[in-house]
Amino acid sequence: MPTDAAPPLIVQLAWLIPLYGFAGVALALPWASGWIRREGPRPAAYLNIFVTLLAFMHGSAVLSTVLREGPYAITVPWFQAADLTLSFSFDLSLTSLASLELVTGLSLLAQFFALGYLDKEWSLARFFALIGFFEGAMAGVVLSSSLFLTYFLLEMLTLSTYLLVGFWYAQPLVVTAARDAFLTKRVGDVLLLMGVVALSAWAGVMRFDDLYSWAAGAQLSPLAGNLLGLALIAGPLGKCAQFPMHLWLDEAMEGPNPASILRNSVVVTCGALVLLRLMPILQLSPLSLTALVALGSLTAIGGSLVAIAQVDIKRTLSYSTSASMGLVFIAIALQQPGIALLLLFAHAVGKALLFMSVGCVIATTNCQDLSELGGLGRRMPATTCAFLVGAAGTTGLVPLGCFWALGLDVQAMLRSAPWLAAIVLLANALTVLNLTRVYRLVFLGASQPKTRRTPEVNWQMALPMVSLTVLVLVTPLIMVVIDPVPGLASFSLPVALSLLLTSAGALVAGCLLPLRKGWSVTILRPLRLLQELLAYDFYTDRIYRVTIVALVAGLSRAAARFDRDVVNALVNRVGSLSLASAEGLKLSVTGHTQTYVLTGTVAIVLLLTSLSWVVR
Amino acid sequence: MLSGLLVIPLLGAIALLLWPGEVSGERLRRTCLALLVLQVAWSLWVLWQFDPTISGLQLEEIAPWVGSLGLDYRLGIDGLSLPLVLINGALSLAAALVTSTSTPRPRLYYALLLLISGAVNGAFLAQNLLLFFLFYELELIPLWLLIAIWGGSNRAYAATKFLLFTAVSGVLILGAFFGLALATGTADFSLQPLLGQELGMGVQLLLMGALLVGFGIKIPLFPFHTWLPDAHTEASTPVSLLLAGVLLKLGTYGLLRFCLGLFPDAWQLMSPWLAGWAAVSVLFGSLAAIQQQDMKRMVAYSSVGHMGYVLLAAAAATPVSLLGALFQMVSHGLISALLFLLVGVVYATTGTRDLNVLRGLLNPERGLPITGSLMIAGVMASAGIPGMGGFISEFLVFRGSLVPFPVPTLLCMVGSGLTAVYFLLLVNRVFFGRLSPPADDLDTPLPVVPLARQIPALALTVAVLLLGLAPQALGTLATATTTAMSRASQHLAALPVSAAPERLVAGGRG
């Protein structure tokens, strides 16, 4: 907790860190909007890289202060009216600052990478503006210690995801992908908003610490508690692309690769971190914990299986991201925050590296179809090396990051729920199998027409990739430093062996898998059905279409029809009726004063009688 | 001092009409702009004089007028009307700015514009029921003319529909005011809440019902909304902007000031039904918007949805929800004005508003990139993305209404989710995708929108962002008034607030 003395200035100003990213948006605007054309969009890119560097350095300075003097908390008042107080509070603890460094560091590398990847892109400035927005929102989410601020920034993240996925908005697939990304996340966000509003109304506080103490004493009815819990987990479920809200991450691969790097590593990490912060409140709802375990397991296994059936190099990796997040969700639901953090960290750096390597492949070959790639191994050594290291870092095959995290995870599961340990091992094995398959298809084998002229990538892409390769190689050392649980290697030898052996088994299986490219679609009927089921992601898009989409479309059609055929028709009918009756009454004009006086008298009497009822 | 807000536009309108000789359209436009700038400056001066810590009326001006009728010239301003007066000034100016310089019959046009602006100011400032009604009706005629003369092809139908609906609304309101005088036996039309046992509940309900329907037509609430899409479709851009941005707010203002203010007991009795009505209105407006193929109609139906939040907040009548109602009025005014403005730009450059025809307008070389970007900002603000005006308003409304009315509030949140559905459809169809020009002129770019015409849209976007990022200013301005309004109906809020937690949170700090 914060010391009594005023914190150093660098800590006091920590609320600036998310603003660096947002400032990048403003700085890139003159180029992005076309006010400055003559110089080309490069300055916007440099400015954004510079502000990201600033954010990273500011974060490091705060981190070193916190390492020295313990955590701080700062609060910026934002809105106060009636009996409502909303403030932006930031938690400057070791965990959140480490996550911040992860976010800003990977953002820095991804932006550098983008300089090379989007070399000829005409709207480079717009891309960097959006990345700045993205990074600012993420930096805020990891630092936030107030549910309100977290929600605020998560929604901004949704918006920036929409704009980044829709970056190449002229292509039809991109447009649907952007729409799906936004709407899926929005469903999660609206549910989360319900939870946030309910918490704000019931607890009256928004800081996580205050909410924890409220939750400890709250006497909610089981229904209210469960609804609250389900609403709160919906946001992270959408952000982390968990079943049934996983489709968007796969479609989002239509966006530019540098954004995919961030999305698959740090954005999903942000979602999981939010869930971690919500955990003590979720104790109010046992149902939501069960739901987390169930959906996490489902996504871990289902996502890994679907990944194996994909032919698109980016999509196969994105499904494995969903699967890894499923494992994280299980760990969180089983009250293993330390292990969840380690898994998140190891996965984030490893997956970012995999996506960089894949980005290099795509940039060089202009192709992301696995069946058209091959034989890149000897031509692109740095890329190959990065893929291998990234793959090793995200699986339990070699003692890099994920091996240790998964080992701890399995050990912890064995104590409480052994079948979950089996799921972890199975998901890991399937991921190994898939990565082996992808490696063989892309880097081994004979050259394909599209991979004949494939030199190694330019230095703007190679430099961040190689740096990240080194970082992944030293991940275990970093994990030892940030490790909040007792010892990185505190799991038994049988656990380690089982992890290694299942991984190795999957590796061998992956090597032996027949991968003739002409035969990528099997002719065996049952196998074919299975393959299509997985390749089309259990037909999730069709399930969406016949459920939620059909529901909303049907209701909206009904509403529109009701509006046209009942409300509006009634009005028009009254209108034409009065016109017609006027036409008819015209004929009754007689000129007899008696009739007029009689009509008038009757009307007046009627009116007065009705009035007398009113005044009664 | 408040009279200045009436005198400037109203006398200005008369002066424009009486200006002798042939006057060029450009000159009339300049004069009108100057007057509107003066009006904005005047309202800023009122803002400067305003003391936000006082909850009651300020800067009152009272002069007896027709005493025998109970009609006094009585103006006053508080935290509820001041923001609306400011919005009215700003949006009138924006409407005049975006009016095409080649508008036919400019003299009448600008005079009517000023007349509307002055009448709306009058309605927001009037503290006498009859005076309010005078201004409320005064604004109808010019708007009707603006639609009927400068409207689109089907303008006669739309204008007549508008006139009939709003005339019925006026009759109901006037009837309710007279009924009130008749029932209380006083010919005093000053604005005082009807306390306790003065009137039987049946009469109160009847009078309030008439007012509700009257203002419900104006807001508009389902099922009285059907004039709005037609009026918007046929009205020209500046008129749509005024209609959505300012005139609809007269309805919600009346709801808060008269229904809630005059009949707290009847309001309390009806509030669960009103919350349900709000939810129906929100969901209906949002669902109907999804099916619209005309950009203007879509935005119009979104208005139906978004104005429903105000009814929900008014029904709850907690301090936070009433503040949210005001926020929602202000933010909806800004956002819908922005959206109509941008739709107007699209219509002016492409000649169509059909979602099935328009494609890829975000194209940076041949399309409307700035308009498209602002449109994305506008629809995101409308969908309630934080950092923009829509979010904080909706948050306040929901936060204030959840405890008294949990189910309607949750349904309204679903409506807020649906906003994203239809506006995403709009952006995806109109601005994303490939720009496909007609086959015969492949390389003709769309006409470039001059920067001067972008300025109102840019200014509105900035205002929406400011409201979303720094809501404290508006909060400070309005809190005292809205809290007092809520307290005036305290016994009304007390019942549902204490009842709901028992249902949902036993023992939580409700």
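How far apart should the ends of helix α12 of chain B be at 1.5 Å a residue, and how far apart are its end C-alpha atoms? Before selecting anything, note that this is a predicted model, in which local features need pLDDT of at least 70, side-chain atom pairs count only at pLDDT 80 or more, and totals for chains, interfaces and linings use all residues. Residues are numbered from 1 along each chain as its sequence is written, while chains are lettered from A and ligands numbered from 1 in the order in which they are written.

**Stop 1: helix α12 of chain B**

Select residues 295-316 of chain B, the 22 residues of α12, which should span 32 Å and whose end C-alpha atoms are 33 Å apart, in agreement; the expected span is 1.5 Å times one less than the number of residues. Helices here are DSSP runs (H or I, at least four residues) and strands are runs of E of at least two, numbered from the N terminus. In α12(B), 22 of the 22 residues are buried, so the helix is largely enclosed by the rest of the structure. A residue is buried if 20 or more other C-beta atoms, placed from the backbone, lie within 10 Å of its own, exposed if 12 or fewer, and partly exposed in between. Just after this helix, select A317(B), which takes a positive phi of about 55 degrees.

**Stop 2: A167(B)**

Move to helix α7 of chain B, where A167(B) lies. With 14 C-beta neighbours inside 10 Å, A167(B) counts as partly exposed. Its C-alpha atom is separated by 28 Å from that of L199(B), 32 residues apart along the chain.

**Stop 3: C259(B)**

Select C259(B) next, together with M208(B), L211(B), L212(B), F215(B) and W267(B), which it touches when residues up to four places away in sequence are not counted. Contact requires that the C-beta atoms of two residues, placed from the backbone, lie within 7 Å.

**Stop 4: the side of chain B that touches chain A**

Show both chains: the contact takes 51 residues from chain B and 49 residues from chain A. On the chain B side, α16(B) gives the most, with eight residues.

**Stop 5: chain B as a whole**
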